[in-house]
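Visitor: I'd like a close look at one part of this structure. Could you walk me through a strand and its surroundings?

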Amino acid sequence: MVGFRVKHYWFSIGNGSFLHSFFSTVRVNLEHGKWGSKYPYIMKELYRGELTADHVDAALKELRDIEKKLKKYPPSKVVWDIEDLTAQPPWGDIISPDITDLSNYFVTSDGEDFIGVFREALEGAKLLEQPLLIESL
């Protein structure tokens with residue numbers, strides 16, 4: 001189980017491969033160059049495990065842009081694993097009809113919209129002036 005942590009607050013995400021899939025999907029579909037070329041704070045700094053407090057505003061802007069751009073891609077463009085582009089999600093093509101594009105494809109293990117949870121964690125980090133961490137339980 002992985003999630004975001006801000007000080008003593010925990011934002012549950014789910015399986016580590018699920019979170020990796022989000023990063024892989026962004027990289028393949030939105031960063032047509034190298035990893036972190038367009039979204040350095042989310043794709044480089046946070047992906048390594050910690051986004052510093054002074055980069056939270058920039059990461060919020062990146063997340064807004066990611067969400068906007070992922071709306072243009074159908075669910076079939078999900079990338080489960082950047083290291084194995086043939087890998088498929090455990091559920092295959094069987095997804096809820098509520099999932100209409102990649103911006104709403106990712107849902108946490110608690111059934112929450114991933115991008116919404118991600119935004120909430122970033123906003124919490126901004127409010128508390130604390131770093132945002134990716135941690136495993």
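Visitor: In which sense do S1 and strand S2 pair, and over how many bridges?

Guide: Keep in mind that this is a predicted model. Strand S1, residues 2-6, and S2, residues 9-14, pair in the antiparallel sense, and five bridges hold that pairing in the assignment. To find your place along the pair, look for Gly3, which sits opposite Ser12 in S2. The two strands make a hairpin, with two residues between them. Click on Lys7 while you're in that turn: its phi is positive, at about 55 degrees.

Now turn to the other neighbour of S1. That's strand S4, residues 132-136, which runs antiparallel to S1 and is joined to it by four bridges.

As for cover, S1 is mostly tucked away, with four of its five residues buried.

For a contrast, hop over to the surface, where Asp110, Glu112, Asp113, Glu120 and Glu123 gather in a patch of negative charge. Asp113 lies in the loop between helix H3 (56-70) and helix H4 (114-128). Asp113 counts as partly exposed because its relative accessibility is 31%.

Technical notes
Residues are numbered from 1 along each chain as its sequence is written. This is a predicted model: local features need pLDDT of at least 70, side-chain atom pairs count only at pLDDT 80 or more; totals for chains, interfaces and linings use all residues. Side-chain values use heavy atoms; hydrogens and water are left out. Patches are made of residues with over 30% relative accessible area and no salt bridge: like charges are joined within 9 Å, nonpolar side chains (Val, Leu, Ile, Met, Phe, Trp, Tyr) within 5 Å. Accessible areas come from the Shrake-Rupley method with a 1.4 Å probe; for residues, only the protein chains shown count as cover. A salt bridge is a side-chain nitrogen of Lys or Arg within 4 Å of a carboxyl oxygen of Asp or Glu. Lys and Arg count as positive and Asp and Glu as negative; His and the chain ends are not counted. The place of a charge is taken as NZ of Lys, CZ of Arg, CG of Asp or CD of Glu. Buried means under 20% relative accessible area, exposed over 50%, partly exposed in between (1.4 Å probe, protein chains only). Two strands pair if DSSP finds at least two bridges between them.
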